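Good morning, and thank you for coming. Please look at the sequence and the structure, which I shall now put on the screen.

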Amino acid sequence: MKKIEAIIKPFKLDEVREALSELGVSGLTVTEVKGFGRQKGHNELYSGAEYVVDFLPKIKVEVVISNAMLETAVEAIVKAANTGKIGDGKIFISSVEQVIRIRTGETDESAL
């Protein structure tokens with residue numbers, strides 16, 4: 001099993017969720033986060049004063065899937081989250097050793 005963590009622009013969340021749902025992904029976790037990469041933030045004006053916004057709002061989508069679904073899920077996220085502009089985000093993939101569904105006690109793939 002693999003865990004996909006995708007950091008995306010907030011307005012792309014619905015498209016990413018729909019793309020994963022079409023693949024049969026039954027659940028995911030979404031967190032509002034802030035960060036920066038090459039985008040480096042930007043300057044804003046507020047009440048006539050200019051200030052620097054170092055951390056930009058992003059969304060972190062986490063989903064655990066079977067190894068067989070990995071490539072199609074990653075492709076779906078990339079396609080749905082892509083704007084072609086700086087700051088589109090990143091995808092991190094890691095291995096998951098075990099999953100346990102608390103309610104039923106099911107483990108691994110049956111717990112997904």
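This is a predicted model: local features need pLDDT of at least 70, side-chain atom pairs count only at pLDDT 80 or more; totals for chains, interfaces and linings use all residues.

I begin on one side of helix α2, where Glu-71, Glu-75 and Lys-79 are exposed. By exposed I mean a relative accessible area over 50%; buried means under 20%, and partly exposed lies in between, with a 1.4 Å probe and protein chains only.

Residues are numbered from 1 along each chain as its sequence is written, and side-chain values use heavy atoms, with hydrogens and water left out.

On the other side of α2 from those exposed residues, Leu-70, Ala-73, Val-74, Ala-76, Ile-77, Ala-80 and Ala-81 are buried. Viewed down the helix axis, these buried residues of α2 fall within an arc of 160°, so they line one face of the helix. The arc is that of the directions from the helix axis to the C-beta atoms.

What do the buried residues of α2 pack against? Their partners are β1 (2-8), α1 (13-22), β5 (56-65) and β6 (89-95). Contact, throughout this talk, means heavy atoms within 4.5 Å.

The length of α2 can also be checked. The expected span of a helix is 1.5 Å times one less than its number of residues. For the twelve residues of α2, 70-81, that gives 16 Å, and the end C-alpha atoms are 16 Å apart, which agrees.

Val-74 counts as buried because its relative accessibility is 18%. Leaving aside neighbours within four places in sequence, Val-74 is in contact with Ile-4, Ile-91 and Ile-93. By contrast, 20 Å separates the C-alpha atoms of Val-74 and Glu-32, which are 42 residues apart along the chain.

The other helix I wish to describe is α1, in which Val-16, Ala-19 and Leu-20 are buried. They cover an arc of only 95° around the axis, which puts them on the same side of α1. The cover over these buried residues includes β1 and α2. After α1 comes Gly-24, with a positive phi near 95°.

I turn now to the strands, and to β5 in particular. Strand β5 is mostly covered, with seven of its ten residues buried. It pairs with β1 in the antiparallel sense over seven bridges; two strands pair if DSSP finds at least two bridges between them. Within that pairing, Ile-4 stands opposite Val-63 in β5. Strand β2 (residues 29-35) is also joined to β5 by seven bridges, and these two run antiparallel. There, Val-30 has Val-61 of β5 as its bridge partner.

Not counting residues up to four places away in sequence, Ile-59 touches Ala-6, Ile-7, Ile-8, Pro-10, Leu-13, Val-30, Thr-31, Glu-32 and Val-33.

Next, the segment after β6, where Gln-98 is found. Gln-98 is in contact with Met-1, Thr-107 and Asp-108, leaving aside its neighbours within four places in sequence. Asp-108 is placed in the segment after β6 too. Its phi is near 50°, a positive value in a residue other than glycine. Asp-108 counts as partly exposed because its relative accessibility is 30%.

Finally, the protein as a whole. It has two helices and six strands, running β-α-β-β-β-β-α-β from the N terminus on. The radius of gyration, taken over C-alpha atoms, is 17 Å, whereas a compact globule of 112 residues would be near 13 Å; the globule rule is 2.2 Å times the number of residues to the power 0.38. Along its principal axes, the C-alpha trace spans about 60 × 30 × 20 Å. Of the 112 residues, 30% count as buried.

Key:
Helices (H or I, at least four residues) and strands (E, at least two) are DSSP runs, numbered from the N terminus.
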